[in-house]
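Here is a short briefing on one protein chain. Keep the sequence and the 3D view open as you read.

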Amino acid sequence: MYNILLQTLPGNAVTYLGEELCMPNVVVSWKDTKDPQACVTNETVYHQYSRDPARTPIPWTSGKNGGFSTADSKYLWLPMGNDYVNYNVEKQEGEPKSHLKLFKKLTELKKKKAFQEGLYESARNVPDDVYVFTRSLAKETYVIALNYGKNEF
């Protein structure tokens, strides 16, 4: 839902490495840490300062090192996540309802004039855990409804 919101709100959408795959952060051990912010601390608190979990290689396939490199994994700058078999480009390209496919549709939608130049208007009288707004330009109107709560509507 974060990417739906980001791609449909006014302004520039910035996507960080792996978000298009819904890739989870990777646990990076103290010995594998490369982030200077974390390296100047110690192994009991480094994880509070490290950006490394979000900067691991993008997995392209379910093959060795996610198809990112054919080298021994010890030569990768940061380790691959254990779940790259499920979170990789090749697998998600083959699934009709994957997060990558949704992300691509959203980035195409963002190119429409209604999302680039159109009016943004928040809906009123909706539950607190539901966010509804419209994007419109001329005769083109889109309604975006995001339910962050537990109830279905």
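The notes below go from the overall chain to single residues.

This is a predicted model, where local features need pLDDT of at least 70, side-chain atom pairs count only at pLDDT 80 or more, and totals for chains, interfaces and linings use all residues. Residues are numbered from 1 along each chain as its sequence is written, and side-chain values use heavy atoms, with hydrogens and water left out.

The protein chain has five helices and three strands. Helices (H or I, at least four residues) and strands (E, at least two) are DSSP runs, numbered from the N terminus. Along the sequence the pattern reads α-α-α-α-α-β-β-β. The radius of gyration is 19 Å, well over the 15 Å that the globule rule gives for 153 residues, so the protein chain is more spread out than a compact globule. That radius is taken over C-alpha atoms, and the globule rule is 2.2 Å times the number of residues to the power 0.38.

**Overall dimensions and surface**

- The C-alpha trace of the protein chain spans about 55 × 35 × 30 Å along its principal axes.
- Of the 153 residues, 30% count as buried. Buried means under 20% relative accessible area, exposed means over 50%, and partly exposed lies in between (1.4 Å probe, protein chains only).
- The accessible surface of the protein chain comes to about 10300 Å². Carbon and sulfur atoms account for 54% of that surface. Accessible areas come from the Shrake-Rupley method with a 1.4 Å probe; for residues, only the protein chains shown count as cover.

**Contacts and charges across the chain**

- Take the contacts between residues at least 6 apart in sequence: 44% of them join residues at least 24 apart. Contact means heavy atoms within 4.5 Å.
- The protein chain has 19 positive and 18 negative charges, and their mean positions are 5 Å apart. Lys and Arg count as positive and Asp and Glu as negative, while His and the chain ends are not counted. Each charge is placed at NZ of Lys, CZ of Arg, CG of Asp or CD of Glu.

**Cysteines**

- The structure holds zero disulfides. A disulfide is a pair of cysteine sulfur atoms within 2.5 Å.
- C22 sits in the loop between α1 (2–8) and α2. Its relative accessible area is 42%, so C22 is partly exposed.
- The phi of C22 is near 60°, a positive value in a residue other than glycine.
- C39 has 37% relative accessibility, so C39 counts as partly exposed.

**The loop between α2 and α3**

- T56 is found in the loop between α2 (36–39) and α3 (89–93). Its relative accessible area is 1%, so T56 is buried.
- Leaving aside neighbours within four places in sequence, T56 is in contact with L17, M23, V26, V28, L78 and P79.
- T56 and P79 are 23 residues apart along the chain, and their C-alpha atoms are separated by 6.4 Å.
- N65 is found in the loop between α2 and α3 too. With a relative accessible area of 7%, N65 is buried.
- N65 has a positive phi of about 50°, although it is not a glycine.
- G81 also lies in the loop between α2 and α3. At 15% relative accessibility, G81 counts as buried.
- G81 and G66 are 15 residues apart in sequence, and 9.0 Å apart in space from C-alpha to C-alpha.

- F115 lies in helix α5 (residues 113–116). Its relative accessibility is 2%, so F115 counts as buried.
- Not counting residues up to four places away in sequence, F115 touches Q7, T8, L109, K110, R135, Y142 and I144.
- F115 and T141 are 26 residues apart along the chain, with their C-alpha atoms separated by 9.6 Å.
- Y142 has its place in strand β3 (residues 140–147). Leaving aside neighbours within four places in sequence, the contacts of Y142 include L109, K112, A114, F115 and F133.
- Y142 and Y131 are 11 residues apart along the chain, and their C-alpha atoms are separated by 14 Å.
- S136 has its place in strand β2 (residues 130–137). At 17% relative accessibility, S136 counts as buried.
- Not counting residues up to four places away in sequence, S136 touches A114, G118, L119 and T141.
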